[in-house]
Each structure stands twice: as structure tokens, then as C-alpha cells.
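Subject: The structure we talked about

Hi there,

Here is the structure I promised to send over. Have a look at it first, and then read on for what I found.

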Amino acid sequence: RESDHRAWTPVTYTVTRQNATIQGLIQGKAYFFRIAAENIIGMGPFTETTKEIVIRDPITVPDRPEDLEVKAVTKNSVTLTWNPPKYNGGADITMYVLESRLIGKDKFHKVTKEKMLDRKFTVEGLKEGDTYEFRVSACNIVGQGKPSFCTKPITCKDEIAPPTLDLDFRDKLIVRVGEAFSLTGRYSGKPAPKVTWLKDDTVVKEDDRIKIKTTPSTLCLGILKSVREDTGKYCVTVENSTGSRKGFCQVNVVDRPSPPVGPVIFDEVFKDHMVVSWKPPLDDGGSEITNYIIEKKDTHKDLWMPVTSATVKTTCKIPKLLEGREYQIRIYAENLYGISDPLISDEMKAKDRFRVPDAPEQPIIKDVTKDSAVVVWNKPYDGGKPITNYIVEKKETMATRWVKATKDQIFPGTKFKVPDLLEGCQYEFRVSAENEIGVGDPSPPSKPIFARDPIAKPSPPVNPEAVDKTKNSVDLSWQPPRHDGNGKIIGYLIEFQKVGDEEWKQANLTADSCPETNYKVTGLTEGLTYKFRVKAVNAAGESDPAHVPDPVEVKDRLEPPELILDANMAREQHVKAGDTLRLSAVIKGVPFPKVTWKKEDREVSPKADIEVTGVGSKLEIRNTVHEDGGMYSLTVENPAGSKTVSVKVVVLDKPGPPRNLNVSDVRSDSCYLTWMEPEDDGGSVITNYVVERKDVASAQWVAISSSSKKRSHMAKYLMEGTQYLFRVAAENQYGRGPYVETLKPIKAIDPLHPPGPPKNLHHVDVDKTEVSLVWNRPDRDGGAEITGYLVEYQEDGADEWTKFQTVPMLDCVVTGL
């Protein structure tokens with residue numbers, strides 16, 4: 001029944017168990033219930049609930065919290081957040097319980113304080129380097145719910161993030177003097193970065209005008225009432241242990257310029273104008289000077305008159321002046337931001353103070369040739385203005401008109417080589433100086449000169465020598481003089497003197513009778529000794545004499561043979577087989593010697609071409625073969641003596657066949673080859689040997705080694721029972737020589753040896769005329785199957801063993817004893 005009703009309502013009559021489910025109740029209402037038992041006799045008394053029961057859903061513990069996340073990690077703390085459970089169990093959450101477990105341990109430990117309802121918690125006091133996992137549970141009035149899923153293992157260490165930098169300013173910033181400016185931005189990084197401000201690589205320090213403000217995420221540099229000195233390159237550096245970032249800004253604090261730098265220089269002063277110059281301001285205000293403003297003032301008046309305001313040069317012409325008046329000049333510099341204070345000049349009177357240069361003194365003429373002359377002069381007074389050019393003029397002596405020697409500028413030198421003169425003509429020269437004012441008067445004319453090359457006597461002839469002689473003549477030879485005196489050599493005069501005499505006699509009367517550099521002096525007396533000398537002659541006269549170094553005895557010349565070897569005979573000669581061998585030498589001697597070529601003291605091969613000329617000899621062999629090598633000799637002989645030279649010729653060819661090829665240590669899969677080097681290595685070092693094998697049943701040779709330098713080889717991988725032939729050839733840089741081959745086939749089988757002795761021979765039974773023996777197999781069978789065992793016996797004390805019989809097995813009964 002409902003608690004506010006008195007009437008009972010039956011629920012069911014068919015319950016046979018000790019429980020029942022009552023349905024159709026209204027949520028929120030209070031009810032009483034009663035129950036009675038019944039049997040076939042009838043219904044017993046009711047039992048009633050003691051208090052009313054309010055109908056509502058049952059309350060359970062909350063579900064597990066969701067989205068447990070790690071937000072921050074340091075070396076001794078971890079910050080976590082989570083979301084509430086999807087279902088609170090039917091009652092409000094009263095608190096959360098956060099637990100941690102050190103990895104490696106079994107139990108979780110509570111880390112939150114009592115009654116914590118926040119869903120964010122920082123676990124502190126952890127040990128750096130340890131690894132933990134965390135979980136969280138929700139509680140309501142019923143109790144503590146299931147824990148959340150565990151976090152991943154978290155190691156306690158400081159989080160690291162490289163710095164970031166986000167600036168609010170650009171690369172360049174222009175500020176007017178007196179204005180304030182600031183450089184701001186944002187930054188981040190873990191651990192918290194250090195912020196440093198630099199100006200032109202110098203740390204910026206705070207003062208009354210400069211303020212620096214840095215928060216954990218923003219940075220700011222502010223300057224109040226900027227001045228020109230604040231101009232510079234500003235740099236902000238954000239740095240932590242993982243790296244750094246930099247930002248730059250070129251700040252230009254601009255102002256009007258400072259005044260132009262004086263004094264004002266009066267470069268030119270005339271009766272009606274002046275030219276003035278000055279230097280730019282020391283400080284352009286941070287902005288390029290756009291122009292200068294120039295004004296003039298008559299010192300008798302107070303009024304400044306404009307001259308120009310459109311010049312950017314630091315020089316200006318001041319026009320429209322009155323002769324004799326004194327003037328002052330005032331100059332301002334201007335940029336985009338204003339006009340400077342003025343620079344004021346001293347007073348200057350308007351009058352001419354410069355003139356053209358004076359006339360130079362009479363010029364001097366030097367180094368005259370047939371088509372040129374060098375004019376030299378002294379610098380005249382320049383009239384107050386620097387000389388900028390000299391004008392050189394020429395004229396033929398009989399002419400009236402002066403002509404400029406060149407159109408080019410002649411400055412600063414005071415000499416000039418005048419070109420393009422006509423040979424044989426007579427010339428005069430004069431010089432004028434020029435400055436900004438004009439050209440001055442010309443100098444007096446130079447002394448007249450003729451255009452022609454100067455001629456001097458030649459130098460002596462070079463290296464005169466006696467090159468040949470007979471019983472009444474001597475042949476002389478020399479080289480032309482080093483200097484011809486600028487005149488053509490007409491010829492040579494040859495003189496001789498008998499040793500002991502003082503007088504020199506002429507061999508030729510006129511120089512033109514000996515135009516060449518050799519001469520035969522004839523009419524000499526046999527047996528006498530003479531000295532000789534030679535002079536060169538040109539239009540200016542005779543040179544000093546050049547003497548033949550040694551006196552010459554007049555007689556027929558006899559010279560022993562002399563051999564001058566060509567390069568192909570100077571050392572051992574190597575020729576590749578098939579190429580051409582050439583041996584040659586220059587031969588001297590009087591009379592010309594007899595020439596003989598030999599090889600190994602025998603006549604040379606008929607295939608050799610031998611050529612003898614008046615100056616030498618040559619031996620040539622085409623298509624050389626190895627046999628052409630050997631020792632070649634060349635002998636030259638005349639009545640004065642003989643001379644022999646030899647050269648070893650090596651004809652480089654392929655090597656010969658190796659020697660004594662031997663096969664040993666034959667096995668079923670290998671054998672060992674040895675050989676000796678060839679008798680003939682072809683004139684070149686043996687680089688390697690080529691080893692090949694061939695199955696006797698095959699036509700094909702197979703290479704088994706081609707790079708070995710040793711004279712032996714282990715031939716492996718043979719087929720057991722197969723017969724093989726082997727061959728070896730030597731190689732050098734000129735090719736592979738012929739093969740040497742094994743004389744008979746080699747069969748690949750292991751070598752056979754007698755077997756070892758049987759082991760453990762002993763008797764197992766003895767009778768009066770017989771013995772039963774047994775034994776074990778030997779350790780080695782010698783490379784073939786054991787076919788039987790020979791049993792012998794010997795009477796004790798006897799010398800001879802008696803053969804009993806050969807048995808196939810490991811036992812035997814010896815009878816007949």
C-alpha cells in the first residue's frame with residue numbers, strides 16, 4: 001500500500017520462492033509491503049515492513065574519470081588534468097583520488113589531499129630521473145569508483161623546448177629626434193629563456209630614457225626622447241640551454257644636418273665671380289644631404305642674397321659680383337628633416353688674382369734619331385694656378401709656321417719625345433705652358449738639329465778562332481760585333497803577326513773585301529807560328545781588334561777521331577720487339593776516320609742498314625726481334641788514333657716458356673704445381689704466371705690462375721678419378737710467352753699407403769696344438785679398403801716368423817702348433 005493510503009493492494013498469489021519483484025510502482029512515492037505464507041489448510045498471518053520505502057533508482061559508485069593527461073613535467077613534479085566520469089553513479093562527485101606508482105613497484109600511493117574536487121593537480125617532491133605512472137578515481141556518497149586508465153610511464157626531467165621569437169617590429173625603423181620608440185615581441189621556450197638586448201654589439205643598459213620590460217612571454221625595449229646617438233643596430237637574443245634566437249632592427253634617429261664644415265675656401269677669385277668650396281657636415285642627421293643653400297652678402301649691406309638652393313656638390317660658383325667689393329658667403333645643408341645652421345665665410349674682395357703661366361726657358365734637345373727627338377725644358381711660374389698642360393711645337397728651320405708636335409696632353413713631365421720627323425731635315429722646337437686661365441707665351445726656339453741616327457764605331461767582333469789550317473794557310477771564323485754603332489757593318493779587316501815580330505800585317509786591304517764572318521789567310525810559311533786579329537768596320541770607322549786566343553802553328557792538321565754520341569747511344573737502349581732500332585753518333589777527325597759497327601765482337605746482322613756520312617754514322621734495324629738485342633760497338637780509326645763506344649741494346653719481348661714444370665702431392669681433389677722462371681724474361685720483369693688445366697677428354701683449357709707472381713700453385717677442385725693436363729706461361733708488360741705443358745696426364749686420386757698395424761691382439765682360448773686369436777682394426781687403412789690380415793707365428797727364441805694364413809675377419813684359430 002502507498003504510505004498515505006490505508007488499503008492494501010495484492011501484488012501476486014503465485015510466489016513459491018522467498019523473493020518477489022514488485023512492478024508498476026511510481027518513482028518518488030513511499031510504500032509499505034507485507035507478506036503471508038499459505039498452505040492447503042489456509043493463509044497464515046502477514047509480516048509487514050517496519051518503515052516506508054521511497055521508490056527511486058539505486059545509487060552506485062561513479063564510473064572511471066576520463067582523458068587523464070600529463071600537462072607539464074619538470075625534474076621533480078608532474079602536472080595532470082582529467083575530465084569527470086560519464087556517469088556519477090546517481091550521486092554528486094564528492095572528491096577525486098589521484099594515485100601514483102613508481103615503475104618497478106607493485107603498489108599505487110595516494111598523492112592528492114583530502115576532499116579535492118579540482119580536476120588539475122601538480123604532484124611535487126618527485127625524484128629526478130625516476131619514472132612514474134598515474135591514475136585517478138572519483139568518489140560519491142556510495143564510495144570510490146574504478147580508477148581511470150593509467151598514463152604512459154613519465155620520467156621526471158625538465159621539459160626542453162628551443163626558444164621561439166615573434167617580433168612586432170621590422171628590419172628598419174626611422175624615428176625623429178625627440179620622439180619615443182619601442183621594440184616589442186613575444187617569446188617562449190623551456191627552460192625559460194634569458195632575454196638580452198644589444199645595440200651595435202654592446203649590451204643596452206637602463207637609464208632615465210631607456211626602459212627594458214620582460215615578462216615570461218613578452219619583451220619590450222622602450223626609449224624616451226630619442227637622440228641621434230640612439231641610432232644603431234639593435235639585437236634581441238632569446239637563449240636557453242637548447243639554443244637561441246635573434247631579432248634585429250636598424251634604428252635610424254634622424255634630425256636636420258649639422259652645419260657644413262669650414263672654413264669656406266675661395267678656390268678662384270675674379271673681378272665678377274668667385275668659386276668657393278667647403279666640406280660636408282660632420283653629421284648628416286641620419287638622412288642623405290639633399291642640397292646646399294648658398295647665399296652671398298655685400299659687406300656694406302645687411303641683406304643676404306640667394307645664389308642657389310639646388311646644388312648637391314660641395315663647390316659653387318658665386319656670379320654677378322661687383323669688382324672691388326668685399327663679399328661674405330653663407331652656406332646651409334638641407335636633408336629631408338630640415339635645414340642646418342649656417343657656415344659663414346670670411347670676407348673676400350672681388351678682383352682678378354690669377355694669370356697665364358710664364359714662358360719656359362729655351363728647351364734642350366737630346367737623343368736625336370732619324371725620325372724623333374727628345375725635347376727637355378724647365379717648369380715656368382704657373383701664374384697662380386696649377387699648370388695642366390704643356391704644348392710642344394716644331395718647325396723646319398727654313399719654314400715660318402709652327403706645328404703642334406702632338407694633340408695629346410703633356411703633363412706632368414717636362415720632357416717629350418717628338419715623333420714623325422723626316423730623316424735629314426733640320427728642326428727647331430719651342431714649348432708653352434697652360435693653366436685654367438689660358439696658354440702662356442712660348443719659349444725661345446731650341447738650337448737647330450738634323451733628324452738622323454747618331455753613328456759610333458762598332459764594338460769588336462766576337463769569339464774569333466782558327467777553325468782549320470794547312471801548311472800555308474789558316475781559316476779564321478768569328479761572330480758579328482754585339483753593337484754596330486747604329487751604322488751598317490761594311491766588312492772586316494784581318495791582320496796577322498809572326499810570333500816574335502812587332503809589326504801587324506794586313507791580310508786584306510779593304511773591309512768590303514771580307515763582308516762575311518770568315519776568312520782564309522794565305523801565303524803563310526810552313527812551320528812558323530802566327531797571331532791573328534779581326535776588326536769590324538762601319539761608316540764611323542774601325543772597331544777595336546778582337547784577337548784569336550792562341551798562336552797558330554802553320555802545318556797540315558791531324559786530329560784523332562772524336563765521337564759525339566746521340567741520345568740513343570748514351571745509355572742502355574730499350575726497343576720494343578717489332579719497332580725500329582736506331583743507333584747514331586757524330587764523328588770528327590782529320591782525316592775522316594774509318595767506321596766499323598760490331599755486335600758482340602762479330603759482324604752485325606745483314607738486316608742492319610748502316611749509313612756513313614761526312615759528319616757521322618747511323619745503324620738501323622727494322623722489325624726488331626729479341627735476338628737483335630746485345631752489345632753493339634762503334635769503332636772509328638784514323639792515323640791519329642782510334643776510339644770505340646759500346647751500347648747495350650735490349651729488345652723487349654714476351655718471355656720464354658717456364659722451365660721444369662713438376663706435379664707433386666696429387667690428391668683426389670688437388671695437386672701441387674711448381675716450375676722455374678723462363679731462361680729469357682724478354683728484357684722485362686715477369687709480372688705474373690698463367691696456369692691452366694685441361695681434362696684429357698676435353699679440348700678446352702681452363703684458367704685456374706692468372707695473377708700469381710709465385711712459381712708454384714695449388715690446383716684445387718679436381719674431380720676424383722679424372723685425368724688432367726696442366727700448362728704454365730709467363731707474362732710481362734709486353735705479353736704472354738709460350739706455354740710449358742705436363743708430359744703425361746695426372747690422375748686425381750689420393751696416394752695409397754700400407755695400412756697401420758692391427759690393434760689389441762690377444763688370445764681368447766688356448767689348446768695344446770692351437771690358439772684362438774682376436775684383434776681390432778688398425779687406425780688407418782692407407783687410403784684403400786683393407787682386404788685381409790696376414791697371421792704369422794714364431795716359436796719363442798727363434799729368429800724367423802712363420803706365415804700361417806691370410807684371413808678376412810678380425811679373428812683366427814692358429815693350428816698345428
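Does Glu-393 count as buried or exposed? At 13% relative accessibility, Glu-393 counts as buried; here buried means under 20% relative accessible area, exposed over 50%, and partly exposed in between, with a 1.4 Å probe and protein chains only.

Two notes on how to read everything below. This is a predicted model, in which local features need pLDDT of at least 70 and side-chain atom pairs count only at pLDDT 80 or more, while totals for chains, interfaces and linings use all residues. Residues are numbered from 1 along each chain as its sequence is written, and side-chain values use heavy atoms, with hydrogens and water left out.

**Salt bridges**

I counted a salt bridge when a side-chain nitrogen of Lys or Arg is within 4 Å of a carboxyl oxygen of Asp or Glu. The structure holds 33 salt bridges. One of them joins Glu-393 to Arg-430, with the closest N and O atoms 2.7 Å apart. This pair links distant parts of the chain, as Arg-430 sits in strand E35 (residues 426-434) and Glu-393 in strand E32, 37 residues apart. Strands here are DSSP runs (E, at least two residues), as are helices (H or I, at least four residues), and both are numbered from the N terminus.

Another salt bridge is formed by Glu-677 and Arg-659, whose closest N and O atoms are 3.9 Å apart. Glu-677 lies in the loop between strand E56 (671-676) and strand E57 (688-695), and Arg-659 in strand E55 (residues 659-664), so the pair ties together parts that are 18 residues apart in sequence. Glu-677 is partly exposed at 32% relative accessibility, and Arg-659 is partly exposed too, at 26%.

There is also a network: salt bridges that share partners join Glu-495, Arg-533, Lys-535 and Glu-542. Lys-535 is buried, with a relative accessible area of 14%, whereas Glu-542 is partly exposed at 38%.

**The sheet around E32**

Strand E32 belongs to an open sheet of four strands in the order E33-E32-E35-E36, with antiparallel pairing. Strands E33 (403-404) and E36 (449-450) stand at the edges with a single partner strand each, so one side of each is left without a neighbour in the sheet. Two strands pair if DSSP finds at least two bridges between them; E32 (residues 389-396) and E33 are joined by two bridges. Lys-394 stands opposite Val-403 in E33.

**Domains on record**

The unreviewed UniProt entry places "domain: Fibronectin type-III" at several spans, including residues 259-353 and 359-454. Residues 259-353 are 0% helix and 53% strand, with their end C-alpha atoms 29 Å apart. For residues 359-454, the model gives 0% helix and 33% strand, and the end C-alpha atoms are 31 Å apart. UniProt positions are given in the numbering used here, feature names are shortened, and annotations may be inferred rather than shown by experiment.

**One exposed arginine**

Arg-56 lies in the loop between strand E4 (53-54) and strand E5 (66-73). Arg-56 is exposed, with a relative accessible area of 65%.

Enjoy exploring!

Best wishes
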